[in-house]
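Subject: Structure handover

Hello,

Here is the structure you were waiting for. My notes on its charged pairs and its surface follow below.

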Amino acid sequence: MKEEVKTQIPAQETAVKNNAAEEWDTSVAARLARGEHVALIEVEHLTKKFGELTVLDDITDKVEQGEKVAIIGPSGSGKSTFLRCLNVLEDPTGGAVYFEGANLVDRKVDINLHRRRMGMVFQQFNLFNNMNVLKNITLAPVHIGLHDLHKTKAKNFFRKIANLFRSKAKKRALLSVQTSAKQIREAAKENAMRLLTRIGLADKASVYPSTLSGGQRQRIAIVRALAMNPKVMLFDEPTSALDPEMVGEVLELIKELADEGMTMVIVTHEMGFAREVATRVLFMDGGKIQEQGTPQQIFGDPQNERLKDFLSKVL
Ligand SMILES: Nc1ncnc2c1ncn2[C@@H]1O[C@H](COP(=O)(O)OP(=O)(O)OP(=O)(O)O)[C@@H](O)[C@H]1O
Ligand SMILES: [Mg+2]
């Protein structure tokens with residue numbers, strides 16, 4: 001009897017301790033398990049190595065819905081790599097990247113499904129030169145729309161067959177198919193024309209990208225990403241390949257999106273833009289976020305010596 005009591009007490013103590021530890025566990029997985037708030041994007045202990053070179057060194061940070069995060073820092077500090085890890089265009093070496101609560105690094109997660117919801121715009125416009133502007137914008141939405149449609153139809157096909165062998169009470173209802181391939185194509189085209197009209201380029205729908213200016217191409221690259229109805233836009237130096245007179249029109253469009261509430265992460269060398277549009281600025285150096293804060297803090301009252309040095313060169 002005594003023996004039993006002795007073994008029970010430590011067991012209870014451990015349980016209490018475990019509970020306390022669980023409550024204190026602020027990892028994304030623990031918060032998800034407790035049904036607590038998780039930001040739109042959260043990275044945990046994110047590490048990226050290229051061979052021996054550590055480019056991202058144990059970064060933990062999050063992006064809340066509606067935030068406009070500007071990333072600044074010297075060349076080679078890991079800004080692009082960080083951005084590319086957010087949508088797993090680059091495979092992290094370690095750590096986790098949660099987007100809408102799903103860990104994109106987890107092999108079991110259907111990454112394409114989540115990546116659709118993250119628009120990405122690069123320095124080089126990356127439009128398909130062998131397709132006209134309209135096709136560039138409608139390509140992905142049509143592809144995905146048709147893919148989903150075929151998947152639903154295939155599921156219904158197998159359900160119909162399975163239902164043949166089921167009793168009346170056990171037959172499963174078919175999934176509703178609300179659109180046809182034609183409707184998907186038309187809706188994508190309509191949406192693309194609406195977006196082109198918005199940026200004043202509706203008359204360019206049928207031309208090829210090579211006939212456009214850099215500023216026009218970059219604005220089209222932006223609306224192409226918007227056509228997927230993203231939850232967040234990731235920009236990697238969207239204006240640094242542009243002639244100076246075209247920078248303004250692209251920044252203006254990004255600013256409009258920001259004002260409309262789009263969540264965005266933007267790597268930029270345009271300090272004036274970061275100061276004006278960002279709700280938070282991250283300064284990266286040596287694969288780490290060395291300092292972060294509001295634009296007022298970062299530009300007006302920098303603390304980190306490397307940040308001070310960086311700003312003295314770029315401002
Ligand atoms: N695919 C790769 N293979 C090997 N090394 C790479 C690769 N991509 C990036 N790197 C290295 O990682 C480091 C960070 O690169 P990254 O492009 O993220 O820097 P950055 O801050 O975006 O610089 P920049 O301001 O010049 O664009 C650099 O030293 C770069 O050479
Ligand atoms: Mg870069």
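A salt bridge here means a side-chain nitrogen of Lys or Arg within 4 Å of a carboxyl oxygen of Asp or Glu. Please keep in mind that this is a predicted model. By that rule the count comes to 18 salt bridges.

One of them joins E249 and R219, whose closest N and O atoms are 3.2 Å apart. This pair links distant parts of the chain, 30 residues apart: E249 belongs to helix α8 (residues 244-259) and R219 to helix α7 (residues 214-226). R219 counts as buried at 12% relative accessibility, while E249, at 30%, counts as partly exposed.

E90 and R84 form another salt bridge, at 3.2 Å from N to O. E90 is buried because its relative accessible area is 18%, under the 20% cut-off. R84 has 27% and is partly exposed.

D309 and K313 also meet through their side chains in a salt bridge, 3.0 Å from N to O. Both residues lie in helix α11 (residues 305-314), 4 residues apart, which is about one turn of the helix. K313 is exposed, with a relative accessible area of 63%, whereas D309 is partly exposed at 38%.

There is also a network of salt bridges, linking D61, E67 and R280.

On the nonpolar side, F157, F158, I161, L164 and F165 make a surface patch of about 630 Å². Of these, I161 is found in helix α5 (residues 133-164) and is partly exposed, with a relative accessible area of 36%.

Regards

Notes:
Residues are numbered from 1 along each chain as its sequence is written. Chains are lettered from A and ligands numbered from 1 in the order in which they are written. This is a predicted model: local features need pLDDT of at least 70, side-chain atom pairs count only at pLDDT 80 or more; totals for chains, interfaces and linings use all residues. Side-chain values use heavy atoms; hydrogens and water are left out. Patches are made of residues with over 30% relative accessible area and no salt bridge: like charges are joined within 9 Å, nonpolar side chains (Val, Leu, Ile, Met, Phe, Trp, Tyr) within 5 Å. Accessible areas come from the Shrake-Rupley method with a 1.4 Å probe; for residues, only the protein chains shown count as cover. Helices (H or I, at least four residues) and strands (E, at least two) are DSSP runs, numbered from the N terminus. Buried means under 20% relative accessible area, exposed over 50%, partly exposed in between (1.4 Å probe, protein chains only).
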